[in-house]
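Here is a walk through one structure, meant for someone who has not seen it before. It goes from the core to the pairing of the chains, and then to some local detail.

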Protein chains: 2
Amino acid sequence: MSNTLFPVILGILGLLSAYIIYIRVRSSSEGEGRVKEIGDEIHLGAMVFMSAEYKRLALFCLVCIVALYFSLGWQTAISFLIGALCSGSAGFIGMYSATKANVRTAVAAKEKGASDALTIAFFGGSIMGLTVAAMGLVGIGVLFFYFGKNVETIHAIEGFAMGASSVALFSRVGGGIFTKSADVGADLVGKVEAGIPEDDPRNPGVIADNVGDNVGDVAGMGSDIFESYCGSMIACIALAASMTSAAITNLGGNQYMLQFMPLALASLGIICSLLGIITVKIYSSKSAEIALRYGTIGSAVIFVVLSYFLIKFMNVSYGVWIAVLVGAVGGIIVGLVTEYYTGGSPVEKIAKDGETGSATVLISGLATGMQSVAIPVFTIVSIIFISNYFAGLYGVGIAAVGMLSTVGITMAIDAYGPVADNAGGIAEMAEMGKETRMITDSLDEVGNTTAAIGKGFAISAAALAALALISAYIEKISVADESFVLAINDPLVLCGMFLGGIFPFLVSSMTMTAVGDAAFDMIKEIRRQFKEIPGLLEGKAKPDTARCVDIATRAALKKMIAPGALAVLSPVIIGFSLGPKALGGMLGGALICCVMMALMMSNAGGAWDNAKKFVEKGNFGGKGSDVHKAAVVGDTVGDPLKDTSGPSMNILINVMAIVSLVIAPLLI
Amino acid sequence: MSNTLFPVILGILGLLSAYIIYIRVRSSSEGEGRVKEIGDEIHLGAMVFMSAEYKRLALFCLVCIVALYFSLGWQTAISFLIGALCSGSAGFIGMYSATKANVRTAVAAKEKGASDALTIAFFGGSIMGLTVAAMGLVGIGVLFFYFGKNVETIHAIEGFAMGASSVALFSRVGGGIFTKSADVGADLVGKVEAGIPEDDPRNPGVIADNVGDNVGDVAGMGSDIFESYCGSMIACIALAASMTSAAITNLGGNQYMLQFMPLALASLGIICSLLGIITVKIYSSKSAEIALRYGTIGSAVIFVVLSYFLIKFMNVSYGVWIAVLVGAVGGIIVGLVTEYYTGGSPVEKIAKDGETGSATVLISGLATGMQSVAIPVFTIVSIIFISNYFAGLYGVGIAAVGMLSTVGITMAIDAYGPVADNAGGIAEMAEMGKETRMITDSLDEVGNTTAAIGKGFAISAAALAALALISAYIEKISVADESFVLAINDPLVLCGMFLGGIFPFLVSSMTMTAVGDAAFDMIKEIRRQFKEIPGLLEGKAKPDTARCVDIATRAALKKMIAPGALAVLSPVIIGFSLGPKALGGMLGGALICCVMMALMMSNAGGAWDNAKKFVEKGNFGGKGSDVHKAAVVGDTVGDPLKDTSGPSMNILINVMAIVSLVIAPLLI
């Protein structure tokens, strides 16, 4: 049984690697004068936001821990605490390093060239990636070591996922509101009204915008992936724990092995991620795109091949490996489809529709978003169908684990994007010259594509993780109550499904409104500064950037509460008032609608963003033309869709599912 | 058994009343010169489109009839034919009279004043309302008389609903594409580029726009409501036919009575609708709003009261009456909520957000649409819950019938809107003077509110009708295969649910793209005419309006095929390839997503429309201000959402459900 400590050991190894990479990043020059100053401002703004956010989160977690302690015992309560701590520290460490890496990327681009800048930016992201993977392994590994041996305590581990998901929800929603209110506000006044370029140092909102990239796209995305990663592992553990002996025999004959399987796969995954990171470093002298692509696809391929031997070694059915395979391949397919819709011919069509104004840009962008749900959902359906055929509902959970095991490298590439973006912003603000800006722009462009792929990947992973959690919920209730059937034509289930469908729309509406309102305040503040600070537009005076950071911080902290509370409380209220059947229906309805809305909003937003960039490259009149103005409107509308509302769908469904799974024993 | 002919007799009575009203409308003056000319142009354009559309529909129906004949027998085939004919002729008669009423409304406004104009416009709509109700009663009544007595033939009646829904689908999608491509095209070039007012006779697209109001909002809406109306009745018949004897005893002890119940209620409904129409006529000298409100609410109240005695007289449980009650009340609640979201404070907020440009108008409009799903869906859930509690799933069907029984008056008021709108257009084009325009504007304004309420009503009715049809499908399969359970955690059901969720998004995308593309062609044609026809903008030359009508016609006929085929074929393909479980799941997933998307798109569109009107009344700078420009963009984006994609959701889910119900015996 000592091999159950392997995940913990590999997790610690992962943390060590992250630390070594951090030392390497820190040793790079952070520049001096204005460059260092801007870097510090962004770093500080992000830290201030994070600590204010975490203070509120601590209060929320305290309430949950007390409630869990009295309803389900100390084991679940302590698991929740560890889950929340792991999620929080992964987000914190990742963002801390990202804000250190961005200024160093800019300096490296100026002093050493593209290859070195790529290395720093990617290393900045890798710290996040490795931390996410390692924290999950260490946290779940330790809990599994203590609680996993006993059938009565194993369900306590589910508290970990609930803790992780709750922190993720607030980070994602809060970070999303922060980043987009700053972005929309700074862009609308700066670019459209004052006619100054993006990231211009005269714009008071520009520091807030850069802080937002870190709290939203780094910390928010990190906690999002972290919770899917942990959720899928814990769903597998829960599914294996409530498996019948016939099903266990079918899959390999050893329940304990099946429970340990997700941890074993994730341990293998972190090794493959490290190999991937090394691959990127080796190819970084070629092109950024090739290096990143070789890194991700390479590590996924190695992972799939090695997992075959691992599964064979553990004496488990090859059906489980098929699930790993379809999960990993499915993730890549969804990523590529996302890339097409946010970068291929649909984007050119949207740009072309700018010839008849912003209304047609919006209509075709929405239509693109709606159309883009088809193939990814079809892929998810295929994954469910195949993995279930070979390994039952447990297989669906394993497919999610298969998709997420190489999270170390996929998350690294995701977090690389905002680091490169920030480096560009710093280069512009500190006036580091055109050549530096060209290098950071090229890094940023690759980052945009990888971000789009990462989003598609995150949605499909979250969908599968949620599905596995929902299955675990149903199994858990079924074990206690054999007559429990969630039939669609049962009116309670049906009512639950309709109610579940409401939440994704309501949460999207709340987060979009929050961005709209905060952006409105931001716009008024930036306008005020342009008017009241003499010499600001001429570059003779400094803007009051801290005030803009403050507006975004307050808005994010205030507006993240309602959607967060809705997500956590709705399963509790429906479960205790209408019973476990209605709750099961609710999860089903919410799952379908969350996946659809997440895909639609993310892809529409991504397509508008790139349509604007396509015009800016000189197509259909280029920058400053009427087509460009129309495309900017599309991009602005897409911002909250793709970076606030869309991503919050992933966590919404996972929070609902994990809360249901945890409270299930109380509903029987 | 002779009383089973009552519905047919009342249906014929309804048709006679419609004819008498038509004679009354026709006897009113149609004006002369330019007025008559424009009226004729609109009438002709609508007729040309309808006949071209019906030719294609005939071909489609022929294929379906042959397929049904060889798979399910002549009874189903003939029912399909009758359903298609009833739906088609209801749409045709309604639109024929609406295009006669519009010009006469304009003339009455000029020559006789507001009260007479209201009467003509409302009578124009009433012909549609009564025809829809009567055609349903006659068609289903006759089929029930012949097929209803025998358990083996009663399911053939379902073919009627399939015929009605198929015609409705193409009418709604085709009409929706026509009306919005003309509207968007004419508005963008006319109002925004050329700076001429709406409905200006110099605009080549303006006749097409007015034709569109008739083919989309009159014929399309009519066939939409017709298919929900018939679908809910037929679902009740099917549910009663596959009821267990215990359930029958519970509800009143006579299966035949339960099968006949929806027809009895609808017969009562048409009488109440006639009373409502008389009420409106009586109050027409007061204000349009009061007259219409008294008419609808009055007839609903009378219907609910009388239905209590009818149900008692038929010796059926009072639980069925409760279902009627919650259906009728629920419909009104959803209508009022729709009115709030498309007319209350959310609209003012959207208008205010125009101060920071069109992007914020769009964000807050989308957020409003998303938020607006909550209460209507909650109302639908309550209707399901209560009606099922008192009368089982049969009760859900009866609730839908209860909501739709007074369709004669609700549809009359719906169709009144586009007649009043057209009258205003004609008054503007024929330069009938400011006073006439003021009267038609006030009639139109009331029409906009009633249209919004009507849409909310149509969505909830369609949702309940579809749900009843889906329940009938499940019951039908369950009767043959007792082990048939649609459990959410069954992977086949789950895969079906995900696949079902795709269709609403895909169909919305297709129809939006169709509008966008057709509007693009329209814009180019209008621009060409402004450029190439000398003296057009100065009012010295006539535009080539026929060409614009032709563009919209071609686009609509071409682009309605793909979404229509998708809706009809998807249940067939999934049913035969993945089986009845996956098909059941698909219907569940599609139902949830269709309802959500329909509400979101209709309400967002309605809110943008009225936000623009709110600005035009002089708020936030009024017409011509920057806020107004921003609001116009919102309105333009909302147009295809609210009048093309949104409404097609209602029929999409009903077509899928009825096709599944009809092919169910082949899947067992």
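How many residues does the largest nonpolar core have, and which of them have the most contacts inside it? In this predicted model, the largest nonpolar core has 550 residues. Those with the most contacts inside this core are Leu464(A) and Leu464(B). Setting aside neighbours within four places in sequence, Leu464(A) is in contact with Ser232(A), and also with Ile380(A), Ile383(A), Val396(A), Ala399(A), Ala400(A) and Met403(A).

The next topic is how the chains meet. On chain B, 60 residues are in contact with 60 residues of chain A. The elements of chain B that each give two or more residues to this side are α12 (358–371), α13 (374–404), α15 (434–480), α16 (491–532), α18 (561–616) and α19 (626–667). The largest share, 18 residues, comes from α16(B). Sorted by class, the side of chain B that touches chain A has 40 nonpolar residues, 19 polar and 1 charged.

Inside chain A, one pair of helices can be followed in detail. The axes of α6 (residues 206–241) and α8 (residues 255–283) of chain A come within 8 Å and cross at roughly 170°. Angles over 145 degrees count as roughly antiparallel, so α6(A) is roughly antiparallel to α8(A). From α6(A), the contact is made by Ser232(A), Met233(A), Cys236(A), Ile237(A), Ala240(A) and Ala241(A). On the side of α8(A), the residues are Gln255(A), Leu258(A), Gln259(A), Met261(A), Pro262(A), Leu263(A) and Ala266(A). The residues of this contact divide into 10 nonpolar, 3 polar and no charged.

Ser126(B) lies in helix α4 (residues 114–147) of that chain. Is Ser126(B) buried or exposed? Ser126(B) is buried, because 34 other C-beta atoms lie within 10 Å. Not counting residues up to four places away in sequence, Ser126(B) touches Ile21(B), Ile277(B) and Ala412(B). The C-alpha atoms of Ser126(B) and Ala18(B) are separated by 7.2 Å, although these residues are 108 apart along the chain.

Definitions and conventions: Residues numbered from 1 in each chain as written. Chains lettered and ligands numbered in written order. Predicted model: local features only at pLDDT ≥ 70, side-chain atom pairs only at ≥ 80, totals over all residues. Core = buried A, V, L, I, M, F, W, Y, C linked by C-beta atoms within 7 Å. Buried ≥ 20, exposed ≤ 12 C-beta atoms within 10 Å, placed from the backbone. Contact = placed C-beta atoms within 7 Å. Helix = DSSP H or I, 4+ residues; strand = E, 2+ residues; numbered from the N terminus. Nonpolar A, V, L, I, M, F, W, Y, C, P; charged D, E, K, R; others polar. Axes fitted to C-alpha atoms, helices over the stretch in contact; angles between N-to-C directions. Parallel < 35°, antiparallel > 145°, perpendicular 65-115°, else oblique.
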